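The dialogue below takes one feature at a time.

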Amino acid sequence: MNIAQLRADTPGVEQLIHFNNAGAALMPDPVIDVMTRHLQFEARLGGYEAAGQRAAELENVYGAIGRLINADPDEIAVIENATRAWDMAFYSLPLQPGDVVLTSTTEYAGNFIPYLQLKQQRGIEIRLIPNDEQGQVSLGALQDMLGDERVALVSLPMIATNGGPVQPIEQIGALARDAGVLFLLDACQGVGQMPIDVRKIGCHLLAATSRKYLRGPRGMGFLYVEKSLCQNLEPAFLDLHAASLLTPDTFKIRDDARRFENWECNVAAKLGLGAAVEYALAQGIEPMWQRIQQLANHLRHRLAEVPGVTLRDRGALTSGIVTFTRQDSSAAHVQQWLAGQDKRINVSTSTFRSTLLDMQQRGLQEVSRASVHAYNTEGEIDALIEALMRMPRI
Ligand SMILES: Cc1ncc(COP(=O)(O)O)c(C=O)c1O
């Protein structure tokens with residue numbers, strides 16, 4: 001990988017050391033340029049007129065996302081964030097009283113709350129797949145649980161917001177397919193970070209966001225819906241883009257995945273998402289994933305040298321999200337100390353509010369999260385470690 005070029009494309013790295021890529025990564029120039037150009041265009045031409053002139057580029061966004069995850073353009077819906085994309089998929093499933101949803105202890109609270117809502121409203125049952133000794137979903141346990149014919153859905157994040165394992169998603173997908181059970185994958189932290197192929201995974205539905213490892217703008221995300229399933233899923237919300245009013249009494253929902261979209265959207269951000277996907281594809285997802293793993297392993301290795309620091313990631317395969325706690329210091333204090341360095345260092349804090357079950361199981365309230373991207377460097381990691389070494393105990 002040409003790291004110098006990656007950094008030259010990323011204006012943010014001049015001012016700061018950014019290890020909050022799992023929150024929102026730094027956008028590269030092609031993303032910033034397409035968005036600022038479009039905003040100027042809207043200001044001078046009018047929003048609808050500007051979008052009309054960009055119709056072909058807007059259409060290409062679907063093709064680019066399709067190439068990124070090996071899907072067809074008509075299997076993609078562009079939706080304003082991963083949570084809403086996930087909601088649109090989840091609430092369209094015809095879950096009945098007694099139907100069982102299998103999920104992992106690492107599930108994101110934003111997804112777990114909808115499970116609880118449908119438990120209250122429709123009487124679905126939520127079951128947690130136990131973890132194996134390395135901390136990821138136990139495939140043996142999953143296979144046993146899938147033997148219950150009431151299981152209607154497997155739904156989990158491929159990488160949790162608070163780090164930990166990359167779940168064995170291809171094996172999970174194969175088990176779900178064998179059992180004839182739907183698989184909804186939250187790929188929010190995986191897309192842009194590592195290769196994702198929906199055909200290999202065998203997931204039926206996949207939700208993702210733009211601003212994290214994809215390096216796109218905030219307020220954008222997408223949903224993948226397998227073609228053969230799409231027309232059997234009726235979105236919980238419809239509008240005049242998702243459906244057409246045919247007569248005063250009848251409407252028709254569109255056939256493709258855009259039935260899950262809504263009409264009004266941030267066109268500049270949609271173009272930005274497209275540019276981010278093209279940029280990621282041009283770098284090569286596999287080399288980026290190799291580089292991210294190499295940097296994350298280096299960071300874990302160096303953190304282990306810092307007195308009072310405990311690494312918190314588990315799993316046979318870990319990602320660019322590195323989590324740790326520091327004895328006698330809160331994560332907020334670590335974050336604040338690092339942000340106050342001469343060259344600001346961004347890390348974030350992940351609390352039990354985002355991943356309650358996992359954090360409770362591990363007896364943690366919060367962790368510090370330093371998430372690396374391919375544009376980070378060993379030198380930046382050294383600066384983080386030096387700053388932690390100098391940090392006074394509170
Ligand atoms: C695993 C996981 N799922 C879902 C989300 C929600 O994504 P968004 O904020 O784009 O809705 C996040 C955000 O941190 C996440 O980490």
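**Reading the features of a predicted model**

A: Asp 358 is buried, with a relative accessible area of 7%; buried means under 20% relative accessible area, exposed means over 50%, and partly exposed lies in between (1.4 Å probe, protein chains only). This is a predicted model, in which local features need pLDDT of at least 70 and side-chain atom pairs count only at pLDDT 80 or more, while totals for chains, interfaces and linings use all residues. Residues are numbered from 1 along each chain as its sequence is written, and side-chain values use heavy atoms, with hydrogens and water left out.

Q: With which residue does Asp 358 form a salt bridge?

A: Side chains of opposite charge can pair when their charged atoms come close. A salt bridge is a side-chain nitrogen of Lys or Arg within 4 Å of a carboxyl oxygen of Asp or Glu. Here Asp 358 pairs with Arg 362, and their closest N and O atoms are 2.9 Å apart. Arg 362 is partly exposed, at 26% relative accessibility.

Q: Which parts of the chain does the pair of Arg 177 and Glu 226 link?

A: In this salt bridge the closest N and O atoms of Arg 177 and Glu 226 are 2.4 Å apart. The pair links distant parts of the chain: Arg 177 belongs to helix H9 (residues 169–179), whereas Glu 226 lies in the loop between strand S10 (221–225) and helix H11 (227–230), 49 residues apart. Helices (H or I, at least four residues) and strands (E, at least two) are DSSP runs, numbered from the N terminus. Arg 177 is partly exposed, with a relative accessible area of 36%, but Glu 226 is buried, at 14%.

Q: How is the salt bridge between Glu 57 and Arg 54 to be described?

A: The N to O distance between the side chains of Glu 57 and Arg 54 is 3.9 Å. Glu 57 is partly exposed, with a relative accessible area of 36%, and Arg 54 is also partly exposed, at 24%.

Q: Why is helix H6 described as largely enclosed by the rest of the structure?

A: Helix H6 (residues 82–90) is largely enclosed because 7 of its 9 residues are buried. The buried residues are Ala 82, Ala 85, Trp 86, Asp 87, Met 88, Ala 89 and Phe 90. They pack against several elements, including strand S2 (76–79), helix H7 (109–122) and strand S5 (151–157). Such packing is judged by contact, which means heavy atoms within 4.5 Å.

Q: Which residues are in contact with Thr 161, leaving aside its neighbours within four places in sequence?

A: Thr 161 is in contact with Tyr 108, Gln 189, Ile 321, Ser 350, Ser 354, Thr 355 and Arg 369. Its place is the loop between strand S6 (159–160) and strand S7 (163–166), and Thr 161 is buried, with a relative accessible area of 13%.

Q: Where is Gln 341 placed?

A: Gln 341 is in the loop between helix H14 and strand S15 (344–346). At 14% relative accessibility, Gln 341 is buried. Residues up to four places away in sequence not being counted, Gln 341 touches Ala 387 and Arg 390.

Q: How many helices and strands does the protein chain have?

A: The protein chain has 16 helices and 17 strands. Buried residues make up 56% of its 394 residues. Among contacts between residues at least 6 apart in sequence, 71% join residues at least 24 apart.
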